[in-house]
Amino acid sequence: MRAELTMNLEDRLGERLTREDPAPIDPREFEGEPEIVRALKVWNAMVAQLGAQLEESLPDDELLVLCALDASGHPQDLTEEEKARVEAARPAFESACESHPGLACLIANIGRDRDEFNEICDEAIRPRIQRILPRVWRIAAVIAVVGFVGLLAWTLLRQHTDETIVAVAEADREVMELPDGSTVHLVGPAEIRYREAEFDRTVVLIGGGFFDVIDNLTPFVVHTDEAIARVVGTRFGVLDTAGSTEVIVESGRVEVAPEDAPDEGVLLTAGQMSRIAAGGSPTPPEAGDLVEALAWTGMLFFRATPMAEVAERLTGRFGVQVTVEPTLVAEPVTGSFATGDDVEQILSVLATTLNAEVVLSESGWHISAR
């Protein structure tokens, strides 16, 4: 799926770049292709960010063209006044080139386009328009600068080929370990993306995932279309559905904020949940039934749950009779179990916690006090 998605994006974005269309690409053009729609949101955000950065470094597009002419070996095209402007802007221009290596492509393109423009002009009409040739060409070059922002964003997008993408089909589940030792239980249809080589504890999630994050001074961050969830070390579920994201905390604390307003979040503690709809704010933290709220994970969660209820749930999950000695029925237990754990493994852990023992008979499993 990753290769197919990359190919589709390259084809679609490539068409736009050949038309030098700097406008944001409307995701509605790709209705029925949700993967591309999601990727385009990242693309449009990248283009906007790069445009803002370039404008901050060199707010005058015409000045950028003049600097590019000088850098590409055509200073003779500049007037004395323009040369003075270029000299004054040189530190900012060189700094922008260091910050945005893709500007080298723009400089080369401007020099090439300048030469091609002069060659194309018919010798018969050149004398009549000689005076305005530089001005005409520069107007075209300024327009090209605007389109270049999209090209630069695409170049950077292509450079991030080391991004790892793991996709899980509908009704499938996969438990995977992330580079820092944290784990995520993906519940299909779902997808997670992150940088493998330089993992900064930041992931992008589509669909459902339950995270078990190891303690680390660097915050662990989960991005969805609507939300940002930040943690240090905890266990929590994130369910990204069409138009909203729900975060449920099993243990520890999680800060949840809108994707477009990361400073406007709420803090969730164990047993609490919050939802964020597209373009909205997070709902106030509310106590949630972990069993119900995290049912989509397929995992088993107990939080101060009486053993009588635990036995009932195990009986329903595994289709075998599980009973508890009367002296243990009110004992509370807290913990969670993965989808792959069988009833014997779960009962063994519970018995150890209660200092009890597990007995298997013809009628089923029984937990009794030692």
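Is Phe 337 buried or exposed? Select Phe 337 and look: at 8% relative accessibility, Phe 337 counts as buried (buried means under 20% relative accessible area, exposed over 50%, partly exposed in between, with a 1.4 Å probe and protein chains only). Before you go on, note that this is a predicted model, where local features need pLDDT of at least 70, side-chain atom pairs count only at pLDDT 80 or more, and totals for chains, interfaces and linings use all residues. Residues are numbered from 1 along each chain as its sequence is written, and side-chain values use heavy atoms, leaving out hydrogens and water.

Phe 337 sits in strand S15 (residues 332-337); strands here are DSSP runs (E) of at least two residues and helices (H or I) of at least four, numbered from the N terminus.

Next, go for rings. There are 5 aromatic pairs, counting rings of Phe, Tyr and Trp (its six-membered ring) with centres within 6.5 Å; planes under 30 degrees apart are stacked, over 60 edge-to-face and the rest tilted. Pick Tyr 194 and Phe 199: their ring centres are 5.7 Å apart and their planes at 80°, so this pair is edge-to-face. Both Tyr 194 and Phe 199 are buried. Then select Phe 211, Phe 220 and Phe 236, a cluster linked by ring pairs.

Last stop: Asp 289, in the loop between strand S12 (286-287) and helix H8 (290-293). Asp 289 is partly exposed, with a relative accessible area of 45%.
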